[in-house]
Amino acid sequence: MSKVIIIGAGGVGNVVAHKCAQLPEIFSEIILASRTVSKCEAIAQDIEARHGRTIRTAAIDADNVAETTALLLAEKPELLINVALPYQDLTLMDACLAAGVHYMDTANYEPLDEAKFEYKWQWAYQDRFKEAGLTALLGSGFDPGVTNVFCAYAQKHLFDEIETIDILDANAGNHGYHFATNFNPEINIREITANGRYWEEGEWHEVAPMSVHQVYDFPVVGEQDAYLLYHEEMESLCQNIKGLKRIRFWMTFSEKYLTHLKVLENIGMTSIEPIEFKGQLVQPIEFLKAVLPDPASLGPRTKGKTCIGCDIVGTKDGKKKRIFIYNSCDHEECYKEVSSQAISYTTGVPAMIGAQMILRNLWKEPGVWNMEQRDPDAFMEELNLRGLPWEVIELPLEG
Ligand code: NDP
């Protein structure tokens, strides 16, 4: 029986709040706090209507450490679930330390003025969380999150040694718009317009954005165009999976999506450099976010499925083998359950499970942790129970 505070009432916050509300025996009291309190209230009403549970709401500016600390001291939750934006990670970690509250998020810190995400800023909190006897769990979404746990599970049960990991993320859903991003457009576009990067034999290799491509035959959604991107879970996995020789990350995009993105990029609309407009400084990408469809509005329109998983090659009992461990999720089913499309769903469900792992004392250990550093078994069981069932298939070895 634990009290939690969820910070952020966007697409992911909505799913986390719904999923926590479905488990009153673990999440006995829920507060949903965000910058725009009316969004929290709308979610609270939906939860009341669907599950007959009352959750409380609050307005908070998570950039303000003193304000957040005061709210935490007044409410005394056991855990803070950060599903605001990556820009708030450090201020929320500071507030948790000041108020003695465990911390969890789904995306690593990114400075507002530099399109660069790295764990170094959050790993630097290791000693402070240890000394305070508090747990910080980083990246408990799908990717990062479930993908890290899939790798930990493969390392524990399926292989003696892992050689290569390819993480593949396919969204074969269709929302009917010419162009829209499935989660926060600013975060999404910053991620995919940056150079791609992968890790091999102890070194990072950089490639131009969207310049490395393969057609991958996914279970459930079939052949899709996948592009090599940098993604944050590789930074910790290359350190924590023993014997690893190479790790890459691929995301699928349609030709239509890439054409729109190219045009927006070419005319400067994806830039984070502020420009002066009518006497005001405006970041083009922020303006673009304002004209694009709100990801939360895609839910009722999106049809089709996602498939996200890890293609892993390694050895077991002296024999080389290759597996794909994955989940596939249906946009319309997700919408029926929690009024959200599958991208927010596949992030929000693991956030709720990560929270459970801490509150059930399974993953509670002072310090700052990436997901693959925890025992995967209970988390994997929960995925099957809470809406994200997974499968493992054997694939032929290449070459
Ligand atoms: P949204 O933009 O839909 O929602 C973000 C929410 O955070 C909004 O309610 C926003 O408030 C609130 N917020 C922003 N700044 C502040 C602030 N200073 N103080 C308080 N609240 C604030 O994003 P998503 O729900 O799509 O994504 C949430 C997080 O999940 C992001 O960090 C994203 O990177 C991560 N993510 C992780 C994935 C994974 O698999 N690991 C996949 C997808 C997303 P307001 O509405 O007032 O602006």
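The crossing of helices H1 and H13 is right-handed, a term used when the near helix is turned clockwise from the far one by less than a right angle, anticlockwise being left-handed. Helices (H or I, at least four residues) and strands (E, at least two) are DSSP runs, numbered from the N terminus.

This is a predicted model, in which local features need pLDDT of at least 70, side-chain atom pairs count only at pLDDT 80 or more, and totals for chains, interfaces and linings use all residues. Residues are numbered from 1 along each chain as its sequence is written.

Axes are lines fitted to C-alpha atoms, for helices over the stretch in contact, and angles run from 0 to 180 degrees between N-to-C directions.

| Helix pair | Axes come within | Crossing angle |
|---|---|---|
| H1 (residues 11-21) and H13 (residues 342-359) | 8 Å | roughly 50 degrees |
| H1 and H2 (residues 37-51) | 10 Å | roughly 35 degrees |

Contact requires C-beta atoms, placed from the backbone, within 7 Å. This contact of H1 with H13 holds 9 nonpolar, 5 polar and 1 charged residues. Ala, Val, Leu, Ile, Met, Phe, Trp, Tyr, Cys and Pro count as nonpolar, Asp, Glu, Lys and Arg as charged, and the others, Gly among them, as polar.

The crossing of H1 and H2 is right-handed. Asn14, Ala17, His18 and Ala21 of H1 make the contact with Ile43, Ile47 and His51 of H2. That contact has 4 nonpolar, 3 polar and no charged residues.

**Ligand shell.** Of the 34 residues around the ligand, Gly10, Val12, Thr36, Ala62 and Gly141 come nearest. A shell residue has its C-beta atom, placed from the backbone, within 6 Å of the molecule. H1 gives the largest share, 3 residues. H1 and H13 each supply at least two. The shell divides into 15 nonpolar, 14 polar and 5 charged residues.

**Backbone details.** The peptide bond from aspartate 143 to proline 144 is cis, with omega near 10 degrees. Proline 144 sits in the loop between strand S6 (135-138) and helix H7 (146-158). Lysine 278 is not a glycine, yet its phi is positive, near 50 degrees. Lysine 278 lies in the loop between strands S13 (275-277) and S14 (280-282).

Notes:
Contact = placed C-beta atoms within 7 Å.
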